[in-house]
Amino acid sequence: MRHENETGIDLDAILIGETDLAILFSFTRAYFRVDTECPYELVRSLRELMPRKRLIDLYNAVGYHRHGKTEFYRDFVRHLRNSNDRFVAAEGARGMVMLVFTLPSYDVVFKLIRDHFDYPKESTRAEVIRRYRLVFEHDRAGRLVEAHEFEHLRIARDRFDPALLEELLRDTGSIVRLEGNDVVIAHAYVERRIRPLNLFFLEADKASVEAAARDYGRAIKDLAASNIFPGDILTKNFGVTRHGRVVFYDYDELCFLTDCNFRDMPQPTTPEQEMAAEPWFSVRENDIFPEEFPQFLSLPGSARTSLFERHADLFCAAYWRGIQEKLRAGELPEVFPYRADRRLTNTRVAA
Ligand SMILES: Nc1ncnc2c1ncn2[C@@H]1O[C@H](COP(=O)(O)OP(=O)(O)OP(=O)(O)O)[C@@H](O)[C@H]1O
Ligand SMILES: [Mg+2]
């Protein structure tokens, strides 16, 4: 159902089966903010329709984050009691801003802001927190992983891989301390663990790689339509969900698309300019040169071909400026949480 205007509600689509519903109630979407006397009953009846969803995700989907957090914590503690594996560094590229770790038997990651950021990152802790908060409040367009902020997590010290614990105490010492036999973490983001796209591209079969490459382009476009520019579009910052959807999780450089300045590469007019190793034109902080993206993206051949076949426009500044114009004119290209073939047309129900 869509609330089109004051006069009525449109019946826009019919969703069929668990997968359709699961995408609508995904952890990558905005909250529904349901007003109910009894969220407990509501999420349990939703779970009958989507048995694979965790209660935390359903509580969040209907806007009850506190219930969701409590549910997560209870489940996490129960899981720790019934397992004995150790927390280890998350697979994939090491974060320059975040220290990310996980428990192999539990499908979430813990992300801690490092005390110092590697060069060339110039951000600050407060700035990183601000961007994560922006994602929490903004429409995530089905493409941004939900990050829950937790304070004072307490985990037994012997559950940590020693190398990870050493790294935590060294690189996030301002928010991690030892207290007796426990590790106490003052501040962390907890996210669903998904497969980083750079790893997925190395291990998946050709058809899945090609599909993921196309969805990677689509994800960037969906985010653009919701006025989000990811900042860093490298594949290490995207992941693949169990439904095969490509989503983004690295928020420290994320910003509003309308705040970016998308520029064409200036053409050199002298031999000196042509030979220059460094840019010979001035570049300001928000300047972005989409023509340069392909140079930075390291993709396996078949992924590159699929991405370029379907989404070559991403590499032209004019494409991005066009989206900015639409956003500024209030013509928001809508991103639907269901497949196009599930849509009905012109089925109007009186309010
Ligand atoms: N939700 C997630 N699921 C699985 N792995 C993740 C998740 N979030 C982060 N990671 C892993 O941790 C790494 C670092 O995370 P992230 O990109 O958020 O940190 P960062 O410090 O902002 O990175 P960068 O150095 O690119 O700015 C990722 O490249 C990925 O391998
Ligand atoms: Mg990253």
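Domain bounds here come from an automatic or database domain assignment. For this protein, the assignment gives domain 1 (84-193) and domain 2 (196-334), and the centres of the two, taken over C-alpha atoms, are 26 Å apart. The model is a predicted one, in which local features need pLDDT of at least 70, side-chain atom pairs count only at pLDDT 80 or more, and totals for chains, interfaces and linings use all residues. Residues are numbered from 1 along each chain as its sequence is written, while chains are lettered from A and ligands numbered from 1 in the order in which they are written.

A look at where the domains meet comes next. Domain 1 brings 17 residues to the contact and domain 2 brings 16 residues, with two residues in contact if their C-beta atoms, placed from the backbone, lie within 7 Å. On the side of domain 1 that touches domain 2, helix α5 (residues 125-137) supplies the largest share, 4 residues. That side of domain 1 holds 8 nonpolar, 4 polar and 5 charged residues (Ala, Val, Leu, Ile, Met, Phe, Trp, Tyr, Cys and Pro count as nonpolar, Asp, Glu, Lys and Arg as charged, and the others, Gly among them, as polar).

Now for the protein as a whole. It contains 12 helices and 16 strands, which are DSSP runs numbered from the N terminus (helices H or I, at least four residues; strands E, at least two). Along the principal axes, the C-alpha atoms fill a box of roughly 70 × 60 × 40 Å. Of the contacts with a separation of 6 or more, 70% are between residues 24 or more positions apart.
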